Amino acid sequence: MTVYNFSAGPAMLPKPVLAQIKEDIPSFQNSGMSVMEISHRTALFDNVINDAENDLRDLMKIPDNYRILFLQGGATLQFTALPMNLAMRYNHIGLIDTGHWSIRAGEEAEKIGTKVTIVASSKNQDYHQLPNYVDDNNNYDYIHLTTNNTIEGTAFDILPKTNKVLVGDMSSNFLAQQYNVEDFGAIYAGAQKNLGIAGLTVVIVRDDLIGKKQLPSMLDYQALANKNSMLNTPPVFAIYAAELTLKWLKDIGGIAEMERINRQKSSKLYQFLDQSRLFNNLIKPCDRSLTNIPFVTGDPEVDKQVIKEATAAGLMNLKGHRLVGGMRASLYNAMPMEGVTALTEFLDKFETNYWEEH
Ligand SMILES: *Cc1c(COP(=O)(O)O)cnc(C)c1O
C-alpha cells in the first residue's frame, strides 16, 4: 500500500532526499564515516553548511546585507530571541494576531518584559480570515506576522503595507511560496515542515538590526553570525538534511516552480471541498493557505470515522489540531500531486457511502 503522510510537522521528506540520506549514511563523500560522526570543524562539514547557506541565498534571493543563521531550539526559541535581539530601542512590538502561533510569539516576548500590542486580530472571526492591518503612530521595534497559520489554515499571499520593520514566522510556508526577503527585517522557520528534519531553525536577519547589545551567546544573533552558526556544536545532521532538501528544490526549479505546483495541489483539494456537501473548509477563499488545509464535516463522530478509514487506506496523520478539531491535510513541498489525488478520491468515496447511508 502506498502511504501518504499529511502530518503538519515533522512532515514528510522528498523521496530523493531520503534515498540520498540512506546512501550517505555508511560513508559520507567517501570519508568512511557518516555525516553524524564527523567534526563540525572539518572541511567536509564546512562544505555542507556553506552549500546550505549559498543554496538558500540563491533560492530566496537573499541580499548580502542579510545574515543566515542555522540554530536550535525550534521556532519557539525565536519567540524569545527575536525581541531580545531586535526590540532594543522601544522594547515594544506589534503583533498581528492570526491564531495560535502568533499569540505564542507574543506570550514569550512578554515573559522577557517586552511590551506587546495586538495591532490587528481576526479572533472575532474565529481566525477564519486574516485581519486588516494598518500602521498606527506607536513606535514598535517590529511588527510580528505569521505568514502561514499552520493550525487555522490561513496565509498572507500579500503582505500588509507597513513603514515599520516586519518580522515573519514562516515556519509552515518557508520555501513553499515566494516572498520578497527585503520586505522583512527578519524571517524565521523551523526546518521540520519544509526544510528537512526537526532540530534546526533558520533565521534570516538584516545585519543593521543586530549586534546592539551583549546577550547570552546562544541567543545573540551577532555572536552566532560571527561564528557562522557554529558557536557551539551545530545540529550537523539536520543541516545536512536541509542542504539535501535545498538541492532537491533547486532541481525542481526553485520556489516559483514549487509555488506553481503547490497552487495546483491545494486547488485540487479546495475545489473538492467547495463542491462537497459533507466536507467543508471554513476559511475565506482569498486567505487560504497553500500548505495547511483544515476541513470538517460538522459532526465530530463522522470526522473520527474519516480519520480512521483514511489511516487504514494509507492516508496518514489527517487528524486536525486539537484547537480546531476535524481534519487537516498538510501539503508541504514534499507531498506529490498523487497524494492529493489519493486523498480527494478517498474523501469522494467516503462521501458517496455516507449519503447512501443517510
Ligand atoms: C510549527 C510552528 C511553530 C513551532 O515550531 P517549533 O520548531 O516546534 O518550535 C511556530 N510557528 C509556526 C507558524 C509553526 O507552524
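**The ligand site and the sheet behind it**

In this predicted model, a backbone N or O atom of Ala75 lies 3.0 Å from an oxygen atom of the ligand. For Thr150, an N or O atom of the side chain is 2.4 Å from an oxygen atom of the ligand, and for Lys193 the corresponding separation between a side-chain N or O atom and a ligand oxygen atom is 2.7 Å. Taken alone, the ligand exposes 390 Å², of which the protein buries 87%.

The shell around the ligand consists of 13 residues, and the closest are Thr76, Thr150, Asp169, Gln192 and Lys193. Sorted by class, this shell holds 8 polar, 3 nonpolar and 2 charged residues. Helix H3, which spans residues 74-86, contributes the largest share of the shell, with 4 residues.

Seven strands form an open sheet with mixed pairing, in the order E2-E10-E9-E8-E5-E3-E4. Its edges are strand E2 (66-71) and strand E4 (115-121), each of which pairs on one side only. From one strand to the next, the twist averages 20°. In general, strands of a sheet pair through backbone hydrogen bonds, in either a parallel or an antiparallel sense. Here, strand E8 (residues 166-169) and strand E9 (residues 186-190) provide a parallel example, joined over 3 bridges. Val167 has Ala186 of E9 as its bridge partner.

Helix H4 (residues 100-111) lies across strand E3 (92-97), E4, E5, E8 and E9. The direction of H4 runs at about 160° to E3.

Two details of backbone geometry complete the picture. Most peptide bonds are trans, and most residues other than glycine have a negative phi. Pro10 is placed in the loop between strand E1 (4-5) and helix H1 (15-24). Against the second, Leu175 has a positive phi, near 65°, although this residue is not a glycine. Leu175 belongs to the loop between E8 and E9, the two strands that pair in the parallel sense.

Note on methods
Residues numbered from 1 in each chain as written. Predicted model: local features only at pLDDT ≥ 70, side-chain atom pairs only at ≥ 80, totals over all residues. Heavy atoms only, no water. Near = heavy atom within 4 Å. Polar contact = N/O pair within 3.5 Å; in protein donor to acceptor, adjacent residues only side chain to side chain. Areas by Shrake-Rupley, 256 points an atom, 1.4 Å probe, with all protein chains shown as cover. Nonpolar A, V, L, I, M, F, W, Y, C, P; charged D, E, K, R; others polar. Pairing = 2+ DSSP bridges. Axes fitted to C-alpha atoms, helices over the stretch in contact; angles between N-to-C directions. Contact = heavy atoms within 4.5 Å.
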